[in-house]
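Please look through the sequence and the structure shown here, and then read the report below, which goes from a pocket to the domains and on to some details of the backbone.

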Amino acid sequence: MNIASLILAAGKGTRMKSKLPKVLHKVGGKAMVERVLETVQSIGTNRDVVIVGFGGDAVQNYLGNRAEFVRQEEQNGTGHAVKMAQPVLGDYDGTILLLCGDTPLVTRESLEALLEEHKNSGAAATILTAHMPDPTGYGRIIRNEAGSVVRIVEQKDGKPEELAVQEVNTGMYAFDSKKLWPCLDQLSDDNAQGELYITDVVGILVNGGDKVSAYMTKDFEESLGVNSRLQLAEAESILKHRKNIELMTAGVTIIDPANTYVAPEVTVGADTILHPGTILEGNTVIGERCEIGPHTRLTNVKVGNDTIIHFTYGHDCEVKDGVDVGPYVHLRPNTVLGNKVHVGNFVEVKNSNVGEGTKFPHLSYIGDSDVGSGVNIGCGTITVNYDGKVKHRTTIGDGAFVGCNSNLVAPVTVGNYSYVGAGSTITKNVPDKALAVGRSKQIVKENWVTDDTFKKK
């Protein structure tokens, strides 16, 4: 089946009270329109067109070359928006999948079921519907006595008996491309909104003798559109709940699901425990038998097996097997912690490679460094990597011991199994198995304090 998606993303979203286009507000760490686009692309579309209007440049810049774009300069309803795409998709031969860019909860499974119904029924159009406990604000699906769809009635145009219907239009459709475009010329703005409704295409098709089918999604929450900050929070909560159920079903322990936030794209291995306050974002991957949290945020972090990370912020880095991190640690981009590394409290590691079994117990900054295996870094050690213009690298060999309160001024190398005395500032390379001490000679002046000193105070 040839499928082209058409995503409506031109609205301003005045109820959001924001200068940012509504569809760029994020749910689960991604813009709503991005979530919709990724969902339709996952079913194998061969063309994707996004209708933009308010903040169109921002939407285009965000999505880049992942879609084609059409401008709707004047917003005159959903039917008008679809008409704007006719110059781009008018010659397309296949199925046009129409969605809204503010419905981030729709799933691949529902869209696949919609398309399957569309194919099997031979309909000119197939509507994704939902049974809504409170249908207020949604268009109602009106069927005849035989159960066939005959039209969609909008909230502001419905009669009392029509508004009592709980089967609603989700705003998502599959259209036969050759049947869609002629209907658009028959749309009228003679309605309560004074706009061209895409929903009127259903009645036009039926009156012309064409069949309109429908598929009802099993979960009405998939149809929820986001038009306000309140609805944005509701969508976030639903997405979070879905993911937590998925993880717990797969063997992950979540101590407090209400206070655990895992993005849909994140993967977590079996027998891992997530403590309260854990936030896992982006393309984070957590291995098996790990313990994450409490109060830990990881963004685009790859974590191996049997690793403990607590009270930590990490982003764009890798932590391997059997590592112990925290509390109060910052792991910055391009950091790789090898197996069985220990990173203790108040440590920051940035753009560094750390070998197996190395320890940074506490109060250290390790930046732009290559640290070997079995290294011990004393409390208060700093790799001085920036000279005001350029950042330089520090190399620390296997088995080295760096004493407390040391400064390693890059570019510098501390050799294998060498020692740096506590309180040293090292500016020159240290050979293997050597001892380097770089501190001033201690001077003691006896009787420095006299009785007169106290009298002056």
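## The second largest pocket

In this predicted model, the second largest pocket has a volume of about 550 Å³. Its lining is made up of 18 residues, and those that lie nearest the centre of the pocket are Val 106, Thr 107, Glu 109, Arg 242 and Pro 264. Sorted by class, the lining of this pocket has ten charged residues, five nonpolar residues and three polar residues.

Three helices, namely H1 (32-41), H5 (108-121) and H9 (229-249), each supply at least two residues of this lining, and H9 gives the most, with four residues.

The domain assignment divides the chain into domain 1, which covers residues 3-223, and domain 2, which covers residues 229-436. Their contact takes 15 residues from domain 1 and ten residues from domain 2. The area buried between domain 1 and domain 2 is about 1100 Å², and carbon and sulfur atoms give 55% of this area, while the C-alpha centres of the two domains lie 45 Å apart.

An unreviewed UniProt entry carries the annotation "domain: Nucleotidyl transferase" for residues 5-219.

## Annotated binding site residues

Under "binding site", the unreviewed UniProt entry lists Asp 102 and Asn 227. Asp 102 lies in the loop between strand S6 (95-100) and helix H5, and H5 is one of the helices that supply at least two residues of the lining of the second largest pocket.

## Details of the backbone

A cis peptide bond, with omega of about 5°, joins Gly 326 and Pro 327, and Pro 327 lies in the loop between strand S22 (324-325) and strand S23 (329-331). The peptide bond from Ala 410 to Pro 411 is also cis, with omega near 0°, and Pro 411 lies in the loop between strand S33 (407-409) and strand S34 (412-414).

How values were computed:
Residues are numbered from 1 along each chain as its sequence is written. This is a predicted model: local features need pLDDT of at least 70, side-chain atom pairs count only at pLDDT 80 or more; totals for chains, interfaces and linings use all residues. Side-chain values use heavy atoms; hydrogens and water are left out. On a 1 Å grid over the protein atoms alone, a cavity is a set of points where a 1.4 Å probe fits but cannot get out, and a pocket is an open set with protein on both sides within 12 Å along at least five of seven lines; lining residues have an atom within 4 Å of a point. Grid points are joined across faces, edges and corners, and a volume is the space filled by probe spheres set on the points. Ala, Val, Leu, Ile, Met, Phe, Trp, Tyr, Cys and Pro count as nonpolar, Asp, Glu, Lys and Arg as charged, and the others, Gly among them, as polar. UniProt positions are given in the numbering used here, feature names are shortened, and annotations may be inferred rather than shown by experiment. Domain bounds come from an automatic or database domain assignment. Contact means heavy atoms within 4.5 Å. Buried area is the accessible area (1.4 Å probe) that two parts lose on being put together, summed over both.
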